[in-house]
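New notebook page, new structure.

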Amino acid sequence: MKTVDMFKRRQVVSFEVFPPKRNAGLDGIYQAISQLKALSPDFVSVTYGAGGSAGSRATIDIASAVKNAYGMESVAHLPCAGLSREDVCAFLESLREAGIENILALRGDLAPGETNTGDFLHASDLAAFIQERGSFNLIGACYPEGHPAAESKEEDLKNLKTKVDAGVTHLITQLFFDNAFFYDFLDKARALGISVPIEAGIMPVANRKQIERMTSLCGATLPAKFLKMMERYEFNPIAMRDAGIAYAVDQIVDLLAHGVDGIHLYTMNNPYIATKISEAIASIVSA
Ligand code: FAD
């Protein structure tokens with residue numbers, strides 16, 4: 001099923017997982033996926049190359065298992081930085097063979113000073129290329145606080161419109177910890193004519209190091225309330241985990257009450273956290 005069709009039914013809840021860095025971790029990811037299945041997400045997306053994890057084969061294999069072995073809808077991420085047209089065509093062929101219909105079309109992160117030597121400059125170029133080659137459903141990334149490399153939030157939104165016009169049917173946001181950024185972004189996106197469903201990306205915080213690594217990459221603002229929580233519980237892993245779950249649930253309930261199209265949970269391959277959050281919001285989604 002194409003993810004865009006899911007929003008016609010109800011508020012969508014989806015999960016993101018990442019391939020392990022080494023093959024040795026594959027058992028762990030499949031165990032996590034089988035536990036995530038019990039939570040009946042609308043779809044599970046599988047990253048590619050993010051955070052130094054394994055390459056395209058791992059993404060295709062795991063996305064294929066999500067769909068064909070575990071019976072959930074899957075989304076394969078595809079960051080195009082450094083890729084040639086031939087690389088992308090080979091990736092598309094593997095997805096076709098696995099019956100995967102949904103692709104999160106991304107540019108990918110560039111190291112400081114690095115130039116993109118691939119055939120695609122922006123995610124919108126990749127989306128347009130794939131759009132011409134078959135019946136994939138395309139998803140795109142978006143940034144409530146603006147992409148860190150964008151000249152301004154306004155420029156970033158104009159570029160986002162280009163991406164949607166290139167064939168992206170659904171957007172997923174970068175993580176954020178203050179819903180005010182999301183509501184402001186949503187208003188501006190709608191005013192610009194971006195009418196596709198926008199899922200809010202939520203990352204439950206399990207430890208301080210993880211969040212500092214993530215926010216140094218994506219530049220998300222850490223509100224005072226959030227910093228207070230990390231300062232108080234950072235040396236008590238169980239308290240930190242449970243406070244992180246409570247913070248994420250609080251954010252999600254507020255988003256659902258505001259009628260958000262969907263919630264995309266960055267699970268960090270942690271089914272315990274995904275389970276606690278799913279249980280807390282089960283009666284609230286689409287109520
Ligand atoms: P783009 O849409 O190309 O935007 C990148 C920058 O270029 C922005 O500043 C934008 O304003 C600008 N821009 C875009 N189009 C134009 C244009 N036509 N003209 C001028 N400027 C333009 N990375 C991975 O490596 N693997 C993953 O699996 C992965 N998963 C992700 C999942 C989500 C939900 C999100 C939000 C991000 C993910 N990323 C992943 C990170 C992503 O690759 C980076 O954030 C990257 O820096 C930008 O990717 P993009 O697709 O948003 O790029």
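Entry 1. This is a predicted model, so I'm reading it as such. I started with the shell around the ligand: strand 3 (74–79), strand 4 (102–106) and helix 6 each put in at least two residues. Helix 6 gives the largest share, three residues.

Entry 2. How many residues surround the ligand in total? I get 23, and the closest are Tyr-48, Asp-109, Tyr-143, Asp-156 and Lys-163.

Entry 3. Next I looked up polar pairs. The side chain of Lys-163 has an N or O atom 2.8 Å from an oxygen atom of the ligand. For His-147, a polar side-chain atom also comes out at 2.8 Å from a ligand oxygen. With His-122, it's a nitrogen atom of the ligand, 3.5 Å from a side-chain N or O. On its own the ligand has 980 Å² of accessible area, and the protein covers 86% of that.

Entry 4. Over to helix 6, residues 153–165. I count 13 residues along it, and from first C-alpha to last it reaches 18 Å, close to the 18 Å expected.

Entry 5. Which residues of helix 6 are buried? My list is Asp-156, Leu-157, Leu-160, Lys-163 and Val-164. They sit on the same side of helix 6, because their arc around the axis is only 110°.

Entry 6. I then checked what those buried residues pack against: helix 5 (123–131), strand 5 (137–142), strand 6 (168–173) and helix 7 (179–191).

Entry 7. Last stop, what follows helix 6: there I find Gly-167, with a positive phi near 125°.

Conventions
Residues numbered from 1 in each chain as written. Predicted model: local features only at pLDDT ≥ 70, side-chain atom pairs only at ≥ 80, totals over all residues. Heavy atoms only, no water. Helix = DSSP H or I, 4+ residues; strand = E, 2+ residues; numbered from the N terminus. Expected span 1.5 Å × (residues − 1). Buried < 20%, exposed > 50% of the residue type's maximum accessible area, 1.4 Å probe, protein only. Arc of directions from axis to C-beta. Contact = heavy atoms within 4.5 Å. Near = heavy atom within 4 Å. Polar contact = N/O pair within 3.5 Å; in protein donor to acceptor, adjacent residues only side chain to side chain. Areas by Shrake-Rupley, 256 points an atom, 1.4 Å probe, with all protein chains shown as cover.
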